[in-house]
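Walk through this model step by step, with the viewer open beside the text.

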Amino acid sequence: MKSLIFLCSVLAAAGVWAGGIVPGFDDADALCDYTAARDGQTSDPVNISPGSQITFAARFTPAAIDVSDDANPIVVLEVGGTTYGSGLYICNGTLVYAIKTGAGGTPQTGLEDLNLGDGAASVILGDLQAEEQVEVFLSLELSTGKIAYSISGDYAVKKFNNYPAQTNLTGNNSVAFLGAGGLNSDHMGGLTGGDNGQMDLLNADHIFSMQGVEGADIRGQIFNDVFDDSYIPHDPNPASGEINVDPSTTTSLSFYTAEDLANPGAQNPDVTAHFVTFYEGADGEPNMDQIISEDTIAAGEDPISFHYSFQRGDEVFWQIEEQINGAAKGSEENIKGPVWSFKTLKTIPSFLDNPDDQLVFEDEDAVFVCGINSGEPISSLNWYKVGEPDVLVDDSDPDITITTVQDG
């Protein structure tokens with residue numbers, strides 16, 4: 001089964017967002033909030049119930065040795081014991097989120113393994129540089145399998161497949177932040193251990209404490225909440241990931257302005273315009289270095305709508321950057337939203353609806369319906385009954401009726 005991946009980015013100045021690291025969060029609501037490295041101790045935070053959502057947030061500056069270790073996971077922030085837990089780790093210079101949801105979980109197949117059906121999974125968040133400060137938060141919502149995260153200003157959403165609706169997300173409630181040199185192997189966070197085929201970079205038996213840069217600002221937080229993306233541009237139309245968008249009927253795009261942190265549900269009053277950028281890309285992946293077009297849209301009442309032309313067979317990638325108080329495009333004052341995408345109808349006929357299996361009694365009718373979209377009128381259609389070989393279904397048979405309706 002393939003996972004759904006939506007690549008996005010968000011950038012905001014600290015003055016725009018509330019919360020030390022996570023936009024819209026109240027730091028006082030953190031289950032734990034550390035400003036010094038520490039090792040896991042049982043029952044650090046309160047239990048998270050019902051176990052369907054959690055957010056990790058961290059600010060740290062890795063040393064060269066932290067990003068160059070190619071054999072051992074370096075702990076950033078984790079919670080959990082030998083059976084349940086999750087956390088953030090540096091694996092050969094890559095920041096990774098790993099989770100396990102019960103005993104007997106199969107080790108992750110790589111640094112990114114989105115299949116949680118076997119009890120263990122992992123997500124690549126991004127690459128790190130030595131001696132450069134990192135701010136990261138990650139929200140997991142198990143009711144939908146959604147993993148939303150931001151690393152140094154880049155926001156993205158991915159999705160687990162075969163995920164449970166809920167689980168014990170904190171294990172024995174032991175929290176380690178960066179580590180102080182005495183990590184307990186029983187406090188494994190999201191890693192599995194032992195000689196069971198686990199790769200060293202995600203093996204709890206190989207975990208190391210972070211050395212970090214002396215004197216750097218550090219902070220680690222865990223919340224029983226998930227990030228609300230209404231504080232960035234949101235709700236695009238067509239929806240991100242939508243397919244079979246008809247360019248003959250969809251001639252404009254729209255979205256909703258980032259909401260006001262101080263007044264949820266209302267537009268951010270500091271937004272003075274919207275910068276829109278279209279990128280090249282394919283198969284759901286935008287090429288951020290290849291800009292097709294750029295424009296500026298005036299602020300106004302939601303939804304913000306503007307004309308845009310595209311063709312059959314196109315895959316459209318677009319992004320909104322909210323201008324804050326007249327700032328220039330690219331300014332840290334502004335708020336970048338997701339890179340949204342959608343696919344148009346294909347240039348060749350494509351199926352919109354496939355026939356469903358039917359079970360009927362003798363002398364009852366079985367009805368099969370198939371929807372097809374085409375840029376040109378279709379001159380003929382053939383139906384077949386699957387077999388060896390397939391058999392052409394012919395309405396010259398008095399028991400068979402075939403009706404074709406041309407719409408447009």
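Buried means under 20% relative accessible area, exposed means over 50%, and partly exposed lies in between, using a 1.4 Å probe and protein chains only. This is a predicted model: local features need pLDDT of at least 70, side-chain atom pairs count only at pLDDT 80 or more, and totals for chains, interfaces and linings use all residues. Residues are numbered from 1 along each chain as its sequence is written, and side-chain values use heavy atoms, with hydrogens and water left out.

Start with the sheet. Strands here are DSSP runs (E, at least two residues), and helices are runs of H or I with at least four; both are numbered from the N terminus. Two strands pair if DSSP finds at least two bridges between them. Five strands form an open sheet in the order β7-β6-β5-β4-β11, with antiparallel pairing. Its edge strands are β7 (120-127) and β11, each pairing on one side only. From one strand to the next, the twist averages 15 degrees. Angles of this kind run from 0 to 180 degrees between N-to-C directions, with axes as lines fitted to C-alpha atoms, for helices over the stretch in contact.

Now take β4 (residues 74-80). Seven of its seven residues are buried. Six bridges pair β4 with β5 (residues 84-91) in the antiparallel sense. Three residues separate the two strands, which form a hairpin. Val-75 stands opposite Tyr-89 in β5. Three bridges join β4 to β11 (residues 175-177), also antiparallel. There, Glu-78 has Ala-176 as its bridge partner. Lys-100 is bridged to Ala-120 in β7.

Two buried residues deserve a look. Ile-99 sits in strand β6 (residues 94-101). Why does Ile-99 count as buried? Its relative accessible area is 1%. Contact means heavy atoms within 4.5 Å. Not counting residues up to four places away in sequence, Ile-99 touches residues including Leu-116, Leu-140, Phe-160 and Leu-169. Leu-169 lies in the loop between β10 (154-159) and β11. Leu-169 counts as buried because its relative accessible area is 2%. Leu-169 and Gly-51 are 118 residues apart in sequence, but 5.6 Å apart in space, C-alpha to C-alpha.

Move on to the largest pocket. A pocket is an open set of points on a 1 Å grid over the protein atoms alone, with protein on both sides within 12 Å along at least five of seven lines; a cavity is a set where a 1.4 Å probe fits but cannot get out, and lining residues have an atom within 4 Å of a point. The largest pocket has a volume of about 1,600 Å³. It is lined by 39 residues, with Phe-368, Val-369, Cys-370, Trp-383 and Thr-403 nearest its centre. The elements giving two or more residues to this lining are β23 (350-353), β24 (371-373) and β25 (383-385).

Finally, check the backbone. Most residues other than glycine have a negative phi, and most peptide bonds are trans. The bond from Asn-237 to Pro-238 is cis, with omega near 5 degrees. A cis peptide bond also joins Glu-388 and Pro-389, with omega about 5 degrees. Asp-235, in strand β13, has a positive phi near 55 degrees. Asp-235 counts as partly exposed because its relative accessibility is 49%.

Key: Grid points are joined across faces, edges and corners, and a volume is the space filled by probe spheres set on the points.
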